[in-house]
Number of protein chains: 2
Amino acid sequence: MNVAAADWIAADWGTSNLRLWAMRRDDVLEMRSSDQGMGAMSDPGDFAKELTRLTEGWPALPVVACGMVGARQGWVEVPYRAAPCAAIPSLTPVPGDPGGRPVLIAGGVMQTKPADVMRGEETQIAGVLAARPDFDGVICLPGTHTKWVRVSAGEICHFQTVMTGEIFALLSRQSVLRHSMTERSSDARIAAFADAVDTALSRPHQAWAQLFRLRAAGLIGTQAPGAAEGALSGLLIGLDLGAARSYWLGEQVLIIGAPRLSALYASALEQQGATPVIGDADTATRAGLHAAWRNYQGQS
Amino acid sequence: MNVAAADWIAADWGTSNLRLWAMRRDDVLEMRSSDQGMGAMSDPGDFAKELTRLTEGWPALPVVACGMVGARQGWVEVPYRAAPCAAIPSLTPVPGDPGGRPVLIAGGVMQTKPADVMRGEETQIAGVLAARPDFDGVICLPGTHTKWVRVSAGEICHFQTVMTGEIFALLSRQSVLRHSMTERSSDARIAAFADAVDTALSRPHQAWAQLFRLRAAGLIGTQAPGAAEGALSGLLIGLDLGAARSYWLGEQVLIIGAPRLSALYASALEQQGATPVIGDADTATRAGLHAAWRNYQGQS
């Protein structure tokens with residue numbers, strides 16, 4: 001189908017990237033992306049410019065967006081709803097219909113005890129629930145800030161965020177450990193990952209002490225290539241699983257995230273006897289935006 | 001006393017800084033420093049140039065240096081000695097007597113099980129032992145990479161490194177938590193530090209989950225100014241203490257490091273019933289270099 005047949009545009013506008021899909025109901029007609037995430041915008045006017053630039057040649061259709069675009073530093077600050085709340089996000093229009101069409105931004109969800117926030121993941125959860133309205137269990141959304149979300153009766157009940165992805169990026173690229181990171185796949189890497197997950201779950205303080213050893217072992221020549229990266233990843237994901245034990249232990253776990261990272265979380269969970277299922281993140285995002293858009297049209 | 005009366009030069013040449021002291025035996029006649037640490041050197045020849053520049057006007061005396069200047073990426077790679085070993089470092093001359101005077105570099109110490117390395121701290125430990133040859137206990141050297149070192153009978157027995165300072169710097173300056181860091185001293189900060197140390201020691205997985213809460217609490221407005229920085233510092237130092245428990249529990253602990261950081265470690269240890277003593281880091285460095293220099297002269 002040609003993009004001229006599209007009837008709305010889905011947008012995932014995070015801190016680092018913008019991704020747009022020209023949609024006809026649930027079907028993707030065309031996808032475009034850029035690295036102009038919220039973090040690259042120096043002025044609120046930049047959001048409209050980037051949206052106009054990236055939709056050039058597309059019909060002037062309503063845009064439904066989720067992610068950090070709705071944060072305080074984003075285009076329009078959309079208030080958080082407080083959990084427990086329905087997963088399906090409420091939409092807030094950007095004033096003035098930029099580019100001559102409605103632009104609607106999904107609001108995030110907050111929790112006061114313990115303090116936590118999400119922006120974007122609520123939309124993916126709504127997308128999961130659109131396909132499986134009776135889902136009752138835990139959704140794990142690994143990423144820069146991994147979220148563990150208890151979902152029941154169509155609601156986000158409570159959730160927990162761990163900075164696993166961001167800390168992995170800082171340690172592997174900017175700390176002294178960057179000198180020890182080598183190619184990504186090897187048997188040594190896989191074994192080191194599994195060992196590190198176990199250490200981090202059963203002896204978290206020792207996991208903390210093990211970080212520098214990844215560098216030291218390389219300096220004194222006692223480390224197989226790939227092992228340090230596997231171990232770093234395993235230590236951080238293991239600590240994350242330790243912190244989220246009440247979320248996954250004995251629960252049905254659905255993982256929604258980037259394929260490679262989702263596979264690592266699944267492997268770590270399986271090692272602990274859990275039986276997680278992996279779902280597609282982009283499908284969930286688009287389905288959630290679609291559900292929010294239908295809901296908004298039904299209300300107005 | 002005038003710098004003309006100096007008889008040797010002490011140098012602490014780390015990754016980020018170079019500090020020089022014109023010495024007459026144990027006495028400091030003049031101190032100079034620059035930000036030209038090992039990390040700023042793009043060529044091995046830069047080390048001689050920077051040393052010549054920073055000692056301009058000083059007599060051409062022997063220079064005794066410790067720190068990353070002796071690392072693989074340093075001026076001359078000085079091999080590690082294997083612990084257990086005498087604390088007093090062996091010195092390796094830079095070939096060709098750059099600037100027309102001997103330049104001697106102290107070697108670091110390695111450990112194979114578990115893998116660990118130090119460069120510079122062995123010199124500070126030798127300095128402590130020069131003043132107190134009978135010291136039997138643990139020396140904690142907090143910093144970018146905090147070291148816990150078991151010392152007995154003049155020897156470095158075993159040690160453990162945790163990346164506490166480096167991780168604090170990355171999280172407080174480059175992660176999403178940077179938005180939550182505020183001024184450094186407040187009652188809220190002190191209380192948050194103490195609570196976080198307790199959490200990290202008794203529930204390390206929960207400490208891991210608490211990191212993102214420092215940001216979330218700021219976003220939803222439930223956090224006192226200063227509390228996030230105190231909590232971050234307390235979580236990381238508490239995890240460090242948890243990993244090093246066998247080092248400090250029931251032991252005599254001497255802390256050698258920057259004053260503010262040493263005070264934080266002392267406070268965290270006192271909270272756990274330990275009675276640490278704080279010593280001066282620069283005094284220890286110079287005394288260790290002096291001990292190594294006298295030892296070297298006695299050998300040659």
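Is A:Arg132 buried, exposed or partly exposed? A:Arg132 is partly exposed, because 13 other C-beta atoms lie within 10 Å, where a residue is buried if 20 or more other C-beta atoms lie within 10 Å of its own, exposed if 12 or fewer, and partly exposed in between, with C-beta atoms placed from the backbone. This residue sits in the loop between helix 2 (121-131) and strand 11 of chain A, and its C-alpha atom is separated by 28 Å from that of A:Ala71, 61 residues apart along the chain.

The structure is a predicted model, in which local features need pLDDT of at least 70, side-chain atom pairs count only at pLDDT 80 or more, and totals for chains, interfaces and linings use all residues. Residues are numbered from 1 along each chain as its sequence is written, while chains are lettered from A and ligands numbered from 1 in the order in which they are written.

## Chain A as a whole

Chain A has nine helices and 15 strands, these being DSSP runs numbered from the N terminus (helices H or I, at least four residues; strands E, at least two). The radius of gyration of chain A is 21 Å, close to the 19 Å that the globule rule gives for 300 residues, so chain A is as compact as a globular protein of that length; the radius is taken over C-alpha atoms, and the rule is 2.2 Å times the number of residues to the power 0.38. The C-alpha trace of chain A spans about 65 × 40 × 40 Å along its principal axes, and 51% of the 300 residues count as buried. Among contacts in chain A between residues at least 6 apart in sequence, 67% join residues at least 24 apart, a contact being two residues whose C-beta atoms, placed from the backbone, lie within 7 Å.

An open sheet of three strands in chain A has the order 5-9-10, with mixed pairing, where two strands pair if DSSP finds at least two bridges between them. Its edge strands, each pairing on one side only, are strand 5 (81-82) and strand 10 (116-118) of chain A. Strand 5 of chain A pairs with strand 9 (residues 109-111) of chain A in the parallel sense over two bridges, and A:Ala82 has A:Met110 of strand 9 as its bridge partner.

Two loop residues of chain A deserve a check of their backbone angles. A:Arg25, in the loop between strand 2 (18-24) and strand 3 (27-34) of chain A, has a phi near 50°, a positive value in a residue other than glycine, and A:Arg25 counts as exposed with 9 C-beta neighbours inside 10 Å. A:Ala153, which lies in the loop between strand 12 (146-152) and strand 13 (155-162) of chain A, likewise is not a glycine but has a positive phi of about 55°; with 12 C-beta neighbours inside 10 Å, A:Ala153 counts as exposed.

## Two helices

The table sets out one helix from each chain, with the expected span being 1.5 Å times one less than the number of residues.

| Helix | Residues | Span, first to last C-alpha | Expected span |
|---|---|---|---|
| Helix 8 of chain A | 259-271 (13 residues) | 18 Å | 18 Å |
| Helix 4 of chain B | 187-202 (16 residues) | 23 Å | 22 Å |

The buried residues of helix 8 of chain A include A:Leu264, A:Tyr265 and A:Leu269, and among the elements that cover the buried residues of this helix are helix 4 (187-202), helix 6 (227-243) and strand 14 (253-257) of chain A. Helix 8 of chain A is followed by A:Gly273, whose phi is positive, near 90°. In helix 4 of chain B, the buried residues include B:Arg189, B:Phe193 and B:Leu201, and the cover of its buried residues includes helix 5, helix 6 and helix 8 (259-271) of chain B.

## Cis peptide bonds in chain B

A cis peptide bond with omega of about 0° joins B:Ala83 and B:Pro84, and B:Pro84 is in the loop between strand 5 (81-82) and strand 6 (85-86) of chain B. Another cis peptide bond, with omega of about -10°, joins B:Lys113 and B:Pro114, the latter being in the loop between strand 9 (109-111) and strand 10 of chain B.

## How the chains meet

The contact takes 33 residues from chain B and 33 residues from chain A. Helix 5 of chain B gives the most to the side of chain B that touches chain A, with eleven residues. The residues of that side divide into 19 nonpolar, ten polar and four charged, where Ala, Val, Leu, Ile, Met, Phe, Trp, Tyr, Cys and Pro count as nonpolar, Asp, Glu, Lys and Arg as charged, and the others, Gly among them, as polar.

Chain B is superposed on chain A by a rotation of 180° with 0.0 Å of shift along its axis (RMSD 0.0 Å), and the two copies are thus related as by a two-fold rotation axis; the superposition is by least squares on the C-alpha atoms of residues with pLDDT of at least 70 in both. Because 100% of the interface residues of chain B are also interface residues in chain A, the copies meet through the same surface.
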